[in-house]
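Dear colleague,

I am handing over the structure that we spoke about, and below it you will find a summary of what was found. Please keep it open while you read, as the notes go through it place by place.

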Amino acid sequence: MSNLFNSLQDQMERQNLVARSGGARAWLQSKVMNMGRTSALTRDFSRQDNSFQIGKMYFFAYDPLTKKTMPYYDRFPLVIPIEQYADGFLGMNLHYVPPTYRAKLLDKMMDVASNKRFDERTRLRVSYELLNGSSRYDIFKPCVKRYLYKQMRSKFIRIDANEWDIAIFLPVSKFVGASTSRVYSDSMRKM
């Protein structure tokens, strides 16, 4: 996965695209449309962690306990954890909204970033109370999901802040029970 992110970042630099700009995001979105393979993401062992930090971004494989009663779910979430519990955590699965909305939500949350370096130490200082208490973050509402550790089917795959713009455009969601377009449609009604 490091090679994927490094390759895309190098290509952006050669195109003279400024990271986090509208032009860079449009280029990334068009570039990654056919990269829907999760295997490259799960093979990078240097990014795999047994634990997580609130406000960082992760991929992981997941098999919900209550999947038989759920209309649909994502087996490969892209999550920013916002609360930790003894048996799991609450997180924002960004796959539940279209990529352009993911970018808008990240932009709005940059004012609560721990630093402006956007490196491996950067995290978002977020909580459910902060997000729910401001209409500024309404996009987060359909993304909030509860995850249980015992239902995880992989380690956490860490995405550093300088790669968030790439990760949000990767088409690697694995929805079961509904198409991505139905998930997006349902999510839009919740905002």
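This is a predicted model: local features need pLDDT of at least 70, side-chain atom pairs count only at pLDDT 80 or more; totals for chains, interfaces and linings use all residues.

Leu130 counts as partly exposed, because its relative accessibility is 32%, where buried means under 20% relative accessible area, exposed over 50% and partly exposed in between, with a 1.4 Å probe and protein chains only. Leu130 lies in helix 5, and, not counting residues up to four places away in sequence, Leu130 touches Val112, Arg125 and Tyr137, a contact being heavy atoms within 4.5 Å.

Residues are numbered from 1 along each chain as its sequence is written, and side-chain values use heavy atoms, with hydrogens and water left out.

As for the whole protein, there are 7 helices and 8 strands, which are DSSP runs numbered from the N terminus (helices are H or I with at least four residues, strands E with at least two). Of the 191 residues, 49% count as buried, and among contacts between residues at least 6 apart in sequence, 72% join residues at least 24 apart.

Helix 7, residues 180–190, has Val183, Tyr184, Asp186 and Ser187 as buried residues. Seen down the helix axis, the buried residues of helix 7 fall within an arc of 165 degrees, so they line one face of the helix; the arc is taken from the directions from the axis to the C-beta atoms. The face turned away from this buried side carries the exposed residues Ser181 and Arg189, and the cover over the buried residues includes helix 4 (99–109) and strand 8 (175–176).

The structure also holds 16 aromatic pairs, where rings of Phe, Tyr and Trp (its six-membered ring) pair if their centres lie within 6.5 Å, and planes under 30 degrees apart count as stacked, over 60 as edge-to-face and the rest as tilted. Phe60 and Tyr62 form an edge-to-face pair, at 6.0 Å centre to centre and with 85 degrees between the planes. Phe60 is buried at a relative accessible area of 0%, and Tyr62 counts as buried at 6%. Ring pairs link Phe60 and Tyr62 into a cluster with Phe52, Tyr58, Phe89, Tyr147, Tyr149 and Phe156.

Gln84, in strand 4 (residues 78–84), is in contact with Phe52, Ile54, Phe89 and Tyr149, leaving aside its neighbours within four places in sequence. The C-alpha atoms of Gln84 and Arg146 are separated by 9.8 Å, although the two are 62 residues apart along the chain.

With kind regards
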